[in-house]
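Visitor: Hey, I've just opened this one and could use a hand finding my way around. Can we go through it together?
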Amino acid sequence: MVGGGVLAYTLLGVAWHEATGEAAFLILDPHYTGGEDLRKIQAGSWVAWKRPGDSAAAGGPLFVADAFYNFLCPQRPTAV
């Protein structure tokens, strides 16, 4: 989970190109309300690959430059 004073997302994946340093994030925006229509959800960018500088699904910037964000990074247990 990624949360800040402005926005919150679920981070599903990260793609990073080692040679160029470019990054993309597979973002699930939990603010979607509506039916279980996958075409509408994907077309509305509620689940999509996003790059720095892209817009959020609800509009506005994906990340706000002067906002603080918390990252929750669960770890798998080493023993079961």
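Visitor: What does Ile27 touch, not counting residues up to four places away in sequence?
Guide: Ile27 touches Tyr9, Thr10, Leu11, Trp46, Val47, Ala48 and Lys50. Contact here means heavy atoms within 4.5 Å. One heads-up: this is a predicted model, where local features need pLDDT of at least 70 and side-chain atom pairs count only at pLDDT 80 or more, while totals for chains, interfaces and linings use all residues. Also, residues are numbered from 1 along each chain as its sequence is written, and side-chain values use heavy atoms, with hydrogens and water left out.

Visitor: Okay, and which residues make up the largest nonpolar core?
Guide: Five residues: Tyr9, Phe25, Ile27, Ala56 and Leu62. A nonpolar core is a set of buried Ala, Val, Leu, Ile, Met, Phe, Trp, Tyr and Cys residues joined through side-chain atoms within 4.5 Å. Buried is under 20% relative accessible area, exposed is over 50%, and partly exposed is in between (1.4 Å probe, protein chains only).

Visitor: Switching to rings, how many aromatic pairs does a search of the whole structure find?
Guide: Four. Rings of Phe, Tyr and Trp (its six-membered ring) pair if their centres lie within 6.5 Å; planes under 30 degrees apart are stacked, over 60 edge-to-face, and the rest tilted. Take Phe63 and Tyr69: their ring centres are 5.5 Å apart and the planes sit at 85°, so that pair is edge-to-face.

Visitor: Is Tyr69 buried or exposed? And what about Phe63?
Guide: Tyr69 has 15% relative accessibility, so it counts as buried. Phe63 is at 32%, so it counts as partly exposed. Both belong to a cluster that ring pairs link together, along with Tyr9 and Phe25.

Visitor: How many bridges join strand 1 to strand 2?
Guide: Two, between residues 2-4 and residues 8-16. Gly3 partners Ala8, and Val2 partners Tyr9.

Visitor: And strand 2 with strand 3?
Guide: Those pair antiparallel over six bridges, strand 3 being residues 23-28. Gly13 has Leu26 as its bridge partner there. Their hairpin has six residues between the strands, and Gly21 in it takes a positive phi near 80°.

Definitions and conventions
Pairing = 2+ DSSP bridges. Helix = DSSP H or I, 4+ residues; strand = E, 2+ residues; numbered from the N terminus.
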